[in-house]
Amino acid sequence: EREIVRYEEERKMEENRAQVAARMKQYEDELARKRMMAEHELQRQRNAEMAKGLLLFIDEADAFLGRRSDSMSEGLRGSLNALLFRTGDQSRDFMVVLATNRPGDLDDAVLDRMDEALEFGLPGVGERQRLLALYLEKYIVKAGTDEGGAGAGAAGGMGARLTSLLKGRKASADRITVDEGVNEALLAETAAATEGFSARELAKFLAAVQAAVYGASQTVLTPATWRAVLERKLYEHGERKAFRLGHHGTGEKEAAPAAEK
């Protein structure tokens with residue numbers, strides 16, 4: 001008799017779970033439908049108000065406009081359908097620009113609507129050297145000033161200085177002294193060594209150099225510190241590349257950012 005009672009209780013609990021799940025699914029579907037209707041209405045209003053045209057830029061477009069599948073949520077499916085509905089015909093008043101590192105993941109209907117495709121490759125050696133000089137100025141030379149990058153800017157205002165004081169931190173970062181060995185020759189050497197690095201990776205490299213300097217006993221950037229951080233970043237770049245190849249099954253072309261336009 002106890003087994004029967006327990007069985008009935010478990011059955012009722014399972015039925016309750018199923019009912020709750022069904023209600024949640026119904027609620028999510030209804031919410032997605034209302035969201036899609038609201039997007040359509042908002043787009044209609046914007047179209048009516050447009051006088052000089054509209055350019056819509058969507059970054060990381062593969063996350064928003066990926067291929068349709070059974071596993072796609074109702075919200076994503078509704079958003080994709082809304083965009084496809086609004087971009088079915090040619091227009092002189094409306095332009096969509098998509099940016100993605102994975103153009104092959106975009107839905108076929110989205111690709112069909114794109115008139116032009118432009119690839120923005122990784123920076124060449126000369127471009128890398130100029131980027132290194134730019135980030136050296138931002139993260140090292142201007143550290144401790146209002147223009148300093150990676151959290152090394154000067155503290156702004158009395159409130160910020162008081163907050164830093166109460167938390168036991170300095171009001172602003174120290175200025176960094178750059179050794180004369182950190183020169184154009186070192187930048188050229190680094191640019192040659194960082195083949196395949198993106199601009200973001202170069203920025204992260206200089207931010208890591210800044211952190212290494214602040215972690216030392218003196219805030220002086222030397223060629224030895226620079227090369228130590230570079231060696232670590234080169235290793236990380238190789239590991240990241242191996243991960244992409246193993247996880248995504250993508251090759252060299254995958255690493256180059258591309259834009260659909």
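Reader: What percentage of the 261 residues of the protein count as buried?
Author: The model is a predicted one, and its secondary structure comprises 9 helices and 6 strands. Among contacts between residues at least 6 apart in sequence, 77% join residues at least 24 apart. Of the 261 residues of the protein, the share that counts as buried is 28%.

Reader: At what angle do helix H4 and helix H7 pack?
Author: Two packed helices are described by the angle between their axes and the distance between the axes. For H4, residues 125-141, and H7, residues 199-214, the axes lie 9 Å apart. The crossing of this pair is right-handed, and the angle at which H4 and H7 pack is about 40°.

Reader: How many nonpolar, polar and charged residues does the contact of H4 with H7 have?
Author: On the H4 side the contact is made by Arg128, Leu131, Leu132, Tyr135, Leu136, Tyr139 and Ile140. H7 contributes Ala199, Leu202, Ala203, Phe205, Leu206, Ala207, Val209 and Gln210. Sorted by class, the contact of H4 with H7 has 13 nonpolar, 1 polar and 1 charged residues.

Reader: Which residues of H4 are buried?
Author: An α-helix has 3.6 residues a turn, so residues three or four places apart point the same way. The contact with H7 is made, on the H4 side, by residues including Arg128, Leu132 and Tyr139. The buried residues of H4 are Arg128, Leu131, Leu132, Tyr135, Leu136, Tyr139 and Ile140.

Reader: How far apart are the end C-alpha atoms of H4, and what span should its 17 residues have?
Author: At 1.5 Å a residue, the 17 residues of H4 should span 24 Å. This expectation agrees with the model, in which the end C-alpha atoms of H4 are apart by 22 Å.

Reader: What distance separates the C-alpha atoms of Lys204 and Tyr135?
Author: Lys204 lies in helix H7, and because its relative accessible area is 49%, Lys204 is partly exposed. Along the chain Lys204 and Tyr135 are 69 residues apart, whereas their C-alpha atoms are separated by 9.2 Å.

Reader: Is Val229 buried or exposed?
Author: Val229 has its place in helix H8, residues 223-248, and, not counting residues up to four places away in sequence, Val229 touches Phe205, Ala208, Val209 and Ala212. Val229 and Gln210 are 19 residues apart in sequence and 9.8 Å apart in space, C-alpha to C-alpha. Because its relative accessibility is 2%, Val229 counts as buried.

Reader: How far apart in space are His40 and Ala82, C-alpha to C-alpha?
Author: His40 has its place in helix H1, residues 2-49, and counts as partly exposed because its relative accessibility is 21%. Leaving aside neighbours within four places in sequence, His40 is in contact with Ala82, Phe85 and Arg86. Ala82 is one of the buried residues of H2. Although His40 and Ala82 are 42 residues apart in sequence, their C-alpha to C-alpha separation in space is 6.7 Å.

Reader: With which residue's side chain does the side chain of Arg11 make a polar contact?
Author: Arg11 lies in helix H1, and at 32% relative accessibility Arg11 counts as partly exposed. At 2.6 Å, the side chain of Arg11 makes a polar contact with the side chain of Glu15.

Reader: What is the phi of Glu60?
Author: Most residues other than glycine have a negative phi, and most peptide bonds are trans. Glu60 lies in the loop between strand S1, residues 54-58, and helix H2, residues 74-86, and is partly exposed, with a relative accessible area of 41%. Glu60 is not a glycine, and yet its phi is positive, at about 50°.

How values were computed
Residues are numbered from 1 along each chain as its sequence is written. This is a predicted model: local features need pLDDT of at least 70, side-chain atom pairs count only at pLDDT 80 or more; totals for chains, interfaces and linings use all residues. Side-chain values use heavy atoms; hydrogens and water are left out. Axes are lines fitted to C-alpha atoms, for helices over the stretch in contact, and angles run from 0 to 180 degrees between N-to-C directions. Helices (H or I, at least four residues) and strands (E, at least two) are DSSP runs, numbered from the N terminus. A crossing is left-handed if the near helix is turned anticlockwise from the far one by less than a right angle, and right-handed if clockwise. Contact means heavy atoms within 4.5 Å. Ala, Val, Leu, Ile, Met, Phe, Trp, Tyr, Cys and Pro count as nonpolar, Asp, Glu, Lys and Arg as charged, and the others, Gly among them, as polar. The expected span of a helix is 1.5 Å times one less than its number of residues. Buried means under 20% relative accessible area, exposed over 50%, partly exposed in between (1.4 Å probe, protein chains only). A polar contact is a pair of N or O atoms within 3.5 Å; within protein, one must be able to donate a hydrogen and the other to accept it, and residues adjacent in sequence count only if both atoms are side-chain atoms.
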